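Good morning. Please have the sequence and the structure open, and I will go through them one part at a time.

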Amino acid sequence: MNPGSEQFDDERWMRHALALAARARDEDDEIPVGALVVDAEGRLVGEGWNRNIADHDPSAHAEIVAMRRAGAALGNHRLVGCTLYVTLEPCAMCAMAAIHARVARVVFAARDPKTGAAGSVFDLLADPRHNHRVEVLGGVLGEEAGRMLTAYFRAKRGKA
């Protein structure tokens, strides 16, 4: 893998998203999901982690937090040319927010077989009825993200 290649960049940014997921777990006792937005020039413009429990906000998923911060940083509700990195496949709410924001790419780590909306349960990002197309890449560092999520839920249930 060559530095400067898209695969290298995807893994580098996903490692950053995994660090944000660890913050969700360690600082806020939230489900460990982290997300960030990178603009077309490769600059980090927004980041976040799950905040729905801490903020008493059902919409404060990691992706929404990161996209809100990116919009504020860019001074625009459209995130044209941006890539959204997230450690867990987006749910329907987050997938539709990415579409409405005109995100160019969504790169996620672990698949979500219960609520995933990027191919696992629904495929909202690829639905041809939308007037915007989002490129999707799943499975980037997926095993690592999956282990983090599994460990979190096992600890919550009191299992080793």
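I start with a hairpin. Strand 1, residues 34-38, runs antiparallel to strand 2, residues 44-49, and five bridges join them. To place yourself in that pairing, find Val37, which stands opposite Gly46 in strand 2. Between the two strands of the hairpin there are five residues, and in that turn Gly42 has a positive phi of about 85°. Keep in mind that what you are looking at is a predicted model.

Now the whole chain. How many helices and strands does the protein have? There are four helices and five strands. In sequence order the pattern reads α-β-β-α-β-α-β-β-α.

Next, the overall dimensions. The C-alpha trace spans about 45 × 40 × 30 Å along its principal axes. A compact globule of 160 residues would have a radius of gyration near 15 Å, and the protein has 15 Å, so the two agree. Of those 160 residues, 46% count as buried. The accessible surface comes to about 8,100 Å², and 52% of it belongs to carbon and sulfur atoms. If you take contacts between residues at least 6 apart in sequence, 57% of them join residues at least 24 apart.

On to the helices, with one rule first. An α-helix has 3.6 residues a turn, so residues three or four places apart point the same way.

Take helix 3, residues 92-100. Which of its residues are buried? They are Cys94, Ala95, Ala98 and Ile99. Around the axis these residues cover an arc of only 145°, which puts them on the same side of helix 3. The cover over them includes helix 2, residues 62-74, along with strand 3 and strand 4. Just after helix 3 comes Arg102, with a positive phi of about 65°.

After helix 4 comes Gly158, whose phi is positive, near 75°.

Last, a single residue in a loop. Where does Pro113 lie? Pro113 is in the loop between strand 4 and strand 5, residues 135-138. Its relative accessible area is 68%, and the cut-off for exposed is over 50%, so Pro113 counts as exposed. Pro113 still has contacts: leaving aside residues up to four places away in sequence, Pro113 touches Ser120 and Val121. Pro113 and Glu89 are 24 residues apart in sequence, and their C-alpha atoms are 9.0 Å apart in space.

That is the end of my part.

Key: Residues are numbered from 1 along each chain as its sequence is written. This is a predicted model: local features need pLDDT of at least 70, side-chain atom pairs count only at pLDDT 80 or more; totals for chains, interfaces and linings use all residues. Side-chain values use heavy atoms; hydrogens and water are left out. The radius of gyration is taken over C-alpha atoms; the globule rule is 2.2 Å times the number of residues to the power 0.38. Buried means under 20% relative accessible area, exposed over 50%, partly exposed in between (1.4 Å probe, protein chains only). Contact means heavy atoms within 4.5 Å. Accessible areas come from the Shrake-Rupley method with a 1.4 Å probe; for residues, only the protein chains shown count as cover. Two strands pair if DSSP finds at least two bridges between them. The arc is that of the directions from the helix axis to the C-beta atoms.
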